[in-house]
Amino acid sequence: MTTIKQIKYVIKKTVGEEVLDLVSFLRKKDSVSEFKIAEHINQEINSTRSLLYKLHKQDLVSSIKKRDKETGWYVYYWSFKKNRVNQLINSIKEKEIELLENKLNKENNTIHFKCESGCIRIDFDSATNFNFRCPECGLVMKNKVNREEYICDLKSKIKKLKTDIK
Ligand SMILES: [Zn+2]
């Protein structure tokens with residue numbers, strides 16, 4: 001099951017909000033001509049097509065072309081690919097996990113120094129540059145362990161994302 005909330009989440013993260021109107025119309029239909037879509041979202045056919053191509057790039061829509069009996073021209077009919085939404089959600093979350101894990105590793109592997117008056121907290125290299133004195137107040141900076149709260153927060157975010165994906 002794909003909810004509108006999931007769809008909006010994916011759209012915002014991948015294509016952009018400008019296609020939201022189009023998607024909320026298209027997701028309820030089976031196959032709609034590009035002209036009907038344009039009419040419904042109140043846009044020129046060219047801008048409608050460019051929105052559809054943006055969605056197509058993320059593989060969120062598919063199209064078939066049919067020949068119009070009266071004009072003899074080909075018209076594209078579009079469908080929204082609901083199944084693709086969950087795939088995209090997972091890949092977005094996997095990327096987020098990777099990012100958070102990098103932050104966590106960095107936090108765990110960096111030695112930080114903190115001014116005793118609480119002015120500033122800097123990494124080892126910067127502390128060396130300042131001869132281990134606070135650049136703000138001049139106090140000697142003490143080797144300080146890492147930010148436990150921040151680490152906890154990162155860990156719980158990672159854990160949550162991992163359960164979401166399963
Ligand atoms: Zn200081």
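Two residues are said to be in contact here if their C-beta atoms, placed from the backbone, lie within 7 Å. Residues are numbered from 1 along each chain as its sequence is written. The model is a predicted one, in which local features need pLDDT of at least 70 and side-chain atom pairs count only at pLDDT 80 or more, while totals for chains, interfaces and linings use all residues. The pLDDT, the predictor's confidence in each residue from 0 to 100, averages 92 over the chain, and 97% of the residues score at least 70.

Helix α1 spans residues 4-14, helices (H or I, at least four residues) and strands (E, at least two) being DSSP runs numbered from the N terminus. Its buried residues (20 or more other C-beta atoms within 10 Å of their own; exposed means 12 or fewer, partly exposed in between) are Ile7, Val10, Ile11 and Thr14. Because these fall within an arc of 100° seen down the axis of α1, they line one face of the helix, the arc being that of the directions from the helix axis to the C-beta atoms. That buried set packs against α2 (20-26) and α5 (82-109), whereas Lys5 and Lys12, on the other side of α1, are exposed.

Ile11 also belongs to the largest nonpolar core, where it is one of the residues that touch the most other members of the 18; such a core is a set of buried Ala, Val, Leu, Ile, Met, Phe, Trp, Tyr and Cys residues joined through C-beta atoms within 7 Å. At least two residues of this core come from each of α1, α2, α4, β3 (74-80) and α5.
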